[in-house]
Amino acid sequence: MLSIITHANTNRLSFLERCKRSVAEGLKPGMIHKVIPGFTSWTQRYTDSQCDEFVAFVDDDDTIHPDALDKCMKAIIESGAGIAFTNEATVKPDLTVIRVHDERKHYESIRVLPRALHHLAVIRCSAIDPRCVDLYNEIGYGIDWFMRASSALVHGAVHVPMTGYFWTVHENSQTTKDNKMFCQNMKLMTKRIEELWGKRVGPIPIWKDHDKGT
């Protein structure tokens with residue numbers, strides 16, 4: 001039912017083992033963690049997203065809260081949304097927290113900010129528009145953003161209000177190096193997102209955990 005995909009970088013195996021332990025603690029029946037070595041192309045994100053009913057991506061140097069997958073699955077099934085997501089924390093490689101991103105989420109932000117709907121995200125695979133690949137090939141960046149945006153703006157999103165993902169930031173990482181070029185294309189990417197998937201507005205619904213009454 002839910003495949004958790006990790007594209008593994010063989011240059012940081014110690015981080016990968018930490019990631020695998022983290023995901024293993026959160027697995028429930030019907031969930032499987034697929035570690036895929038030899039990541040070569042960002043379009044592989046879309047290809048691998050079509051392997052199950054639901055999909056989530058956990059990068060090989062990141063970790064998740066043990067309850068995050070279960071709560072996201074409950075939220076997406078109960079709501080019927082295209083995507084369910086948690087808050088995330090930006091952390092150093094030793095997991096020291098730099099910042100927790102727990103602000104209120106709105107659909108407007110999804111069109112203009114890649115991190116408005118980032119990690120952890122469980123996506124309904126049928127809600128991901130295959131035109132994400134064409135848009136990525138046009139611009140050269142943003143496949144993760146396009147996949148999440150298409151799911152949320154067309155099929156709706158639900159926000160699970162917990163810190164479910166710990167996103168590791170490294171000095172001189174490829175993400176850091178690509179950031180300047182990414183930012184230069186932000187207006188174009190927003191324009192294309194709006195053309196393809198509309199301008200949905202308003203606050204994203206917050207999921208209530210009925211098991212805890214919250």
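**Salt bridges, a cavity and a strand residue**

D144 is buried, with a relative accessible area of 19%. Buried here means under 20% relative accessible area, exposed means over 50%, and partly exposed lies in between (1.4 Å probe, protein chains only). The model is predicted, so local features need pLDDT of at least 70 and side-chain atom pairs count only at pLDDT 80 or more, while totals for chains, interfaces and linings use all residues. Residues are numbered from 1 along each chain as its sequence is written, and side-chain values use heavy atoms, with hydrogens and water left out.

Side chains of opposite charge can pair when their charged atoms come close. A salt bridge is counted when a side-chain nitrogen of Lys or Arg is within 4 Å of a carboxyl oxygen of Asp or Glu. The count comes to 14 salt bridges. In one of them, R45 pairs with D144, and the closest N and O atoms are 3.1 Å apart. R45 lies in helix 2 (residues 44-49) and D144 in helix 6 (residues 143-155), so this pair ties together parts that are 99 residues apart in sequence. Helices (H or I, at least four residues) and strands (E, at least two) are DSSP runs, numbered from the N terminus. R45 is buried, at 3% relative accessible area.

D144 also forms a salt bridge with R148, with the closest N and O atoms 3.9 Å apart. Both residues lie in helix 6, four residues apart, about one turn of the helix. R148 is buried, at 5%. A network of salt bridges links R45, D59, D144 and R148.

E194 and K199 form another salt bridge, with the closest N and O atoms 4.0 Å apart. E194 is partly exposed, at 23%. K199 is exposed, at 55%.

A cavity is a set of points, on a 1 Å grid over the protein atoms alone, where a 1.4 Å probe fits but cannot get out; lining residues have an atom within 4 Å of a point. One cavity of 30 Å³ or more is counted. The largest cavity has a volume of about 50 Å³, taken as the space filled by probe spheres set on the points, which are joined across faces, edges and corners. Its lining includes F85, H101 and R115. Strand 5 gives the largest share of this lining, four residues.

T90 is in strand 5 (residues 83-91). T90 is buried, at 7%. Contact means heavy atoms within 4.5 Å. Not counting residues up to four places away in sequence, T90 touches several residues, among them H101, R115 and W167.

Conventions:
1 Å grid on protein atoms, 1.4 Å probe; cavity = no way out; pocket = protein on both sides within 12 Å on 5 of 7 lines; lining within 4 Å.
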